[in-house]
Amino acid sequence: MPSNGHSIPVVSPTGGEYETFTDAKAAVERLRELYDQACAFLCEKFEASVSGEKPDARFRAFYPEICLTTTSHAQIDTRLSFGHVSAPGTYEATITRPDLFAHYLEQQIGLLLEHHGVPIQIGYSDTPIPVHFAVANNPNITVPQEGAMSFPLRDIFDVPDLSTTNDDIVNGVAEKDEDGASPLAPFTAQRVDYSLARLSHYTATKPEDFQNHVLFTNYQFYVEEFEAYARQMLADSNSGYTAFVGPGYHQITAADQELPVPAKLPQMPTYHLKRADGSGITLVNIGVGPSNAKTATDHIAVLRPHAWLMVGHCAGLRNSQRLGDFVLAHAYLREDKVLDDDLPIWIPIPPLAEIQIALEGAVAKVTELEGFELKRIMRTGTVASLDNRNWELRDQSGPVQRLSQSRAIALDMESATIAANGFRFRVPYGTLLCVSDKPLHGELKLPGMASDFYKSQVARHLLIGIQAMETLRDMPIERIHSRKLRSFEETAFL
């Protein structure tokens, strides 16, 4: 490869030839061996390079990959939304962090083996591992910024490549590889690595701490309630919860332990109430606005959570609503604008029955109201999400007319983004909001306007979200991941 006008040799780890597997666990072990070997090679060469002269060779290691080839048109169980390919052909997926995704990979590979009755192959791909991602999990190594070294880092090592980091696969615009292979998984290895690094940056917690059920909120009060609930669970030896993690990588395992608060909170403070199998609950305070909502979901999606829900505040648009009433979104009016290029606004975002039932059931259980009585405190309908927090300061005739024509019952800045990105990334989604103001009826979000009813409802709101997640946790994964979220030609991996 040319460098400074001269061709230098490329040095890579040896081995990594394709091997055939019919056992999912053994396949994942091989993925781990290849990945660990590649990262160890890059870490070793990197440490030697930063402390010495410019090497006379270029160092390159590759992501491992999974390859499936099937020639059969045999139809699989049509009730399943994942775990199979739609047509004969060759399918490939580059893999990163098989230690982190071990359970997921065993599950997905196992379904392929079961449904198609053919072995898979595992070996090194032709996609280089960027050195930044290879050393990310080694606490003793720091990648210097460009210009800090005596030679450009990219002259010797591979750096992130946007051509393999984008969202072409999940956006449904990916083309087959040059060898004719189709994607097997929704994200490439580089895309996953990029998001894992971003998650640590934005949340100040480790990707390993994220749980399969994710709650998003736009109000700090919910964080305080979540910690209080977590301590109750840790005090109960039968709860199944094992630890509580907060920003700054701090963790407690007992209710009476202190959870340090970082001097500087990250952009999206995140908290994890953990279970040993990852089926606990994560709460992300995304703050206000669709940009943060998109950023958080863009990156959490690579962890393949089983569900995510928005539990935050909204403006009630009907005079019959009270502060503190709940809104269960059945549809979304998308004026957030942040996803228009990835998911055009003409694409409907359907409600998912399992999520809706779990949320409504949780409201009934926590409030002890049901049936017709539940309508006193909760409405279902369209939630509008705008990108302008101060929309009230503009001429209201345009926005109000659109809101009325859409039959919207509530307005916020995040819910439609979270639901739309759930649809886009095939992550089951839902929204339960709490009315905090009624701008069309003179009840603005001002100090002193909150009633006792509103305060009590807010306190119960988070518990409803948690209850809904615990209901979903008890469902088989095949039920939660709806076929509504799958397109004509889907990846086999969830």
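Close-up 1. Asp 298 is buried, with a relative accessibility of 11%; buried means under 20% relative accessible area, exposed over 50%, and partly exposed in between (1.4 Å probe, protein chains only). The model is predicted: local features need pLDDT of at least 70, side-chain atom pairs count only at pLDDT 80 or more, and totals for chains, interfaces and linings use all residues. Residues are numbered from 1 along each chain as its sequence is written, and side-chain values use heavy atoms, with hydrogens and water left out. Asp 298 forms a salt bridge with Arg 424, the closest N and O atoms being 3.4 Å apart. A salt bridge is a side-chain nitrogen of Lys or Arg within 4 Å of a carboxyl oxygen of Asp or Glu. Asp 298 belongs to helix 6 (residues 290–300) and Arg 424 to helix 9 (residues 415–425), so the pair ties together parts that are 126 residues apart in sequence. Helices (H or I, at least four residues) and strands (E, at least two) are DSSP runs, numbered from the N terminus. Arg 424 is buried, at a relative accessible area of 2%.

Close-up 2. The side chains of Arg 191 and Asp 167 meet in a salt bridge, at 2.6 Å from N to O. The pair links distant parts of the chain, 24 residues apart: Arg 191 in helix 4 (residues 189–203) and Asp 167 in the loop between helix 3 and strand 9. Arg 191 counts as buried at 3% relative accessibility, and Asp 167 counts as buried at 13%. A network of salt bridges links Asp 167, Arg 191, Lys 294, Asp 298, Asp 342 and Arg 424.

**Close-up 3. Lys 25 and Glu 106.** The structure holds 21 salt bridges. One of them joins Lys 25 to Glu 106, with the closest N and O atoms 3.8 Å apart. Lys 25 is in helix 1 and Glu 106 in helix 2 (residues 102–116), so this pair, 81 residues apart, links distant parts of the chain. Glu 106 is partly exposed, at 28% relative accessibility.

**Close-up 4. Helix 9 and the residue that follows.** Eleven of the eleven residues of helix 9 are buried, so the helix is largely enclosed by the rest of the structure. Among the buried residues of helix 9 are Ser 415, Thr 417, Asn 421, Phe 423 and Phe 425. Just after helix 9, Arg 426 takes a positive phi of about 60°; Arg 426 is a residue other than glycine. Arg 426 sits in the loop between helix 9 and strand 20 (429–437), and is buried, with a relative accessible area of 11%.

**Close-up 5. Arg 407, a residue with positive phi.** Arg 407 has a positive phi of about 65° although it is not a glycine. Its place is in the loop between helix 8 (397–405) and strand 19 (408–412). Arg 407 counts as exposed, at 57% relative accessibility.

**Close-up 6. The nonpolar cores.** A nonpolar core is a set of buried Ala, Val, Leu, Ile, Met, Phe, Trp, Tyr and Cys residues joined through side-chain atoms within 4.5 Å. The largest nonpolar core has 137 residues, of which Ile 66, Leu 105, Ile 109, Phe 216, Trp 308 and Phe 493 touch the most other members. Helix 1 (residues 24–50) gives the most to this core, with twelve residues. A second, separate core has nine residues, including Ala 315, Ala 384, Trp 391 and Leu 403.

**Close-up 7. A negative surface patch.** Asp 126, Asp 177, Glu 178 and Asp 179 form a negative surface patch. Patches are made of residues with over 30% relative accessible area and no salt bridge, like charges being joined within 9 Å and nonpolar side chains (Val, Leu, Ile, Met, Phe, Trp, Tyr) within 5 Å. Accessible areas come from the Shrake-Rupley method with a 1.4 Å probe. Asp 179 lies in the loop between helix 3 (131–134) and strand 9 (182–183). Asp 179 is exposed, with a relative accessible area of 56%.

Key:
Lys and Arg count as positive and Asp and Glu as negative; His and the chain ends are not counted. The place of a charge is taken as NZ of Lys, CZ of Arg, CG of Asp or CD of Glu.
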